[in-house]
Amino acid sequence: MSDEEEDGRKILTKEMLDAWKADILKYRSLKSLRQLLTAFRASSNLDDEKSGEKRTYTTESPELFNQLVVASLKFTPMVLMHHIPYKELPDGRFKPPAQVPKTEKISRLVASFLSSIAKLMTTLSDADTQVLALNETSKLIPYVSGQRRAVKNYLKMSLELWSNGEDEVRLAAYMALRRLGASSDTSLLDMVLKASYLTMVRGASTSNDHTMPSLNLMKNTASELYCMNQGASYQHAFSYIRQLAFHLRGAMKVATSSDALRQVYNWQFVHCVDFWCMVLAKASAEDATVFGKKKKGKSTEESELKPLIFPLVQVALGAIKLGPGIRHYPLHLHLIRSLLHLVRHTKTYIPLAPYILPILTAPLSPSTKFLPSKEKLKPLDLSVSIHVPAGYMKTRILAESIVDEASFLLAEWSESLQGSIAFPELMLPVTVTLKRSVRRSKGGKNAMHVKTLVERIEEGCRWVESKRANVRFAPGDGKEVEAWEGGIDVADSPVARWVKVQRKARAVREEMKRKAATGEGEMLDDEESAEDEPMDEDDEGDDDGDDSDGDD
């Protein structure tokens with residue numbers, strides 16, 4: 001077969017590809033790399049047909065094209081680092097290579113290659129190839145950091161994969177975004193922060209069992225991006241938290257309007273509050289990092305984002321007070337859960353009891369009747385709900401779900417205060433309110449659940465009282481109080497032990513729910529065992545019963 005087609009294009013052969021690869025490995029040849037990337041661009045059929053640009057190579061074998069793609073991805077960073085290395089700064093950032101005559105030519109070559117990769121990624125469905133492309137192309141970012149068009153195209157490609165790819169692709173895209181934000185040019189980090197937040201918000205318009213894991217992954221990774229440089233992140237965080245406050249203020253002005261209420265009571269608002277709680281919690285945590293490295297002297301340094309805790313808490317609490325009805329309890333619980341995450345990691349006292357107690361005591365009130373549902377309903381999953389469905393209103397299923405979730409959140413809040421020397425005094429209004437509600441209720445499962453919570457809290461109060469019985473300093477002696485609280489092992493407290501048991505039980509339920517939703521470990525195992533070990537009908541039925549018991 002001839003190596004030339006009628007239109008003048010060369011047919012790429014394995015011998016040609018092997019020769020380029022050998023030349024690159026032996027001499028780090030820029031000429032061979034240029035030929036390799038030219039063949040990649042042409043063989044990918046990515047050129048704009050309307051531009052009239054002629055493609056110099058074509059590839060007829062899919063296997064050879066895959067080898068061409070892999071070679072282009074792996075050899076390009078290798079050759080460029082040999083000829084024009086860039087500098088890694090001590091804080092984890094990078095400095096673009098020095099501007100020499102060769103740099104401009106290489107930058108154009110890399111920009112063209114990244115453009116081809118970005119277009120190719122829209123047609124690829126193989127996760128391994130996508131991960132390889134992201135990992136290798138992220139090494140080329142220093143060579144195009146000064147070309148805004150190339151950077152924006154690469155950022156757009158990474159965000160698309162970060163928001164819609166498989167989990168391993170999402171993580172690779174996150175690392176590419178992190179690499180892009182690690183430039184010594186902070187304007188690139190600003191682009192990454194703004195684009196990642198807006199992408200996350202657009203994907204948070206709806207939440208269900210299928211989308212929640214991907215949303216949580218996006219929020220976790222985006223919060224890591226915002227902790228790379230707290231000084232640069234402050235302006236973004238301030239602006240977006242203020243935007244949430246504007247939405248809340250607009251809804252409060254016309255609180256009777258359902259349209260105004262929907263501006264706040266929606267999934268996007270809930271996820272935004274949760275995201276900023278995660279950002280502030282990670283920025284203030286003891287093991288906070290900057291550009292991937294642990295901050296020195298964190299015990300004495302204050303997070304640059306800490307001043308934003310107060311306005312964020314005010315926004316969240318204001319949203320809870322906006323709609324106090326039972327229908328909105330799931331949304332309230334979501335916001336409270338986000339604030340609890342902030343409490344645990346920032347050691348900030350947030351008075352959440354006044355917002356949890358009305359939710360917890362509502363099902364116990366004799367004036368509110370929760371009746372059995374007229375039709376069989378599934379258990380209500382509050383983790384993927386922000387409003388109570390109409391069919392669940394005033395049903396026992398709703399009451400049990402609310403009591404279970406609200407009591408757990410109150411227990412977690414109590415656990416966060418268990419190390420305080422004033423724990424008995426802080427918990428006194430809580431125990432009094434709960435005891436009154438249990439006494440006025442008609443008993444039942446929910447009342448017993450709340451009664452158990454009260455008993456654990458009272459045990460925690462007695463535990464703190466025994467610990468502080470011999471103290472000789474006054475409550476106003478801040479240093480002594482802080483030293484005493486620092487020496488308390490909260491993990492050994494009654495409330496902490498009870499919460500630990502509850503967390504394990506909830507984790508088991510979540511795992512069972514996940515397996516039920518995906519069908520994991522059921523039909524496939526049965527089919528495989530039936531193929532491997534043929535059995536009689538009676539034996540097969542017994543074996544199926546054993547498998548189901550084991551899954552449970």
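Mentor: Keep in mind that this is a predicted model.

Trainee: Okay, is Ser414 buried or exposed?

Mentor: Ser414 has a relative accessible area of 0%, so it counts as buried.

Trainee: Which residues does Ser414 touch, leaving out those up to four places away in sequence?

Mentor: Phe423, Met427, Ile457 and Val495. Look at the side chain too: a polar atom of Ser414 lies 2.8 Å from the backbone oxygen of Leu410.

Trainee: Two of those names bring me to a pair of helices. How do I read a packed pair?

Mentor: Two packed helices are described by the angle between their axes and the distance between the axes. Here, helix α18 (residues 423-440) packs with helix α19 (residues 445-467) at an angle of about 155°, and the axes are 10 Å apart. The two are therefore roughly antiparallel to each other. As for handedness, α18 passes α19 in a left-handed crossing.

Trainee: Which residues make the contact between α18 and α19?

Mentor: On α18, they include Phe423, Pro424, Met427 and Leu434; on α19, Val450, Leu453, Ile457 and Val464 are among them. The residues of this contact divide into 13 nonpolar, 2 polar and 4 charged. Notice that Phe423 and Met427 of α18 and Ile457 of α19 take part here, and that Ser414 touches these residues as well.

Trainee: Can we try another pair? At what angle do α9 and α10 pack?

Mentor: Helix α9 (residues 186-202) and helix α10 (residues 212-226) pack at about 160°, with 10 Å between their axes. That angle makes α9 roughly antiparallel to α10. The crossing of α9 past α10 is left-handed.

Trainee: And which residues make that contact?

Mentor: From α9 come Val192, Leu193, Lys194, Ser196, Tyr197, Thr199 and Met200, while α10 gives Leu215, Met218, Lys219, Leu225 and Tyr226. By kind, the contact of α9 with α10 has 8 nonpolar, 2 polar and 2 charged residues.

Trainee: What about a whole helix that's tucked in? Which residues of α5 are buried?

Mentor: In helix α5 (residues 127-137), the buried ones are Ala127, Gln130, Val131, Ala133, Leu134, Glu136 and Thr137. What covers them includes α3 (62-83), α4 (101-121), α6 (141-144), α7 (148-164) and α8 (167-181).

Trainee: What does the side chain of Thr346 reach at 2.5 Å?

Mentor: The backbone oxygen of Leu342. The Thr346 side chain also makes a polar contact with the side chain of Thr348, at 2.9 Å. Beyond residues up to four places away in sequence, Thr346 touches Leu280, Ala281, Ser284 and Ile309.

Note on methods
Residues numbered from 1 in each chain as written. Predicted model: local features only at pLDDT ≥ 70, side-chain atom pairs only at ≥ 80, totals over all residues. Heavy atoms only, no water. Axes fitted to C-alpha atoms, helices over the stretch in contact; angles between N-to-C directions. Helix = DSSP H or I, 4+ residues; strand = E, 2+ residues; numbered from the N terminus. Parallel < 35°, antiparallel > 145°, perpendicular 65-115°, else oblique. Left-handed = near helix turned anticlockwise from the far one by under 90°. Contact = heavy atoms within 4.5 Å. Nonpolar A, V, L, I, M, F, W, Y, C, P; charged D, E, K, R; others polar. Buried < 20%, exposed > 50% of the residue type's maximum accessible area, 1.4 Å probe, protein only. Polar contact = N/O pair within 3.5 Å; in protein donor to acceptor, adjacent residues only side chain to side chain.
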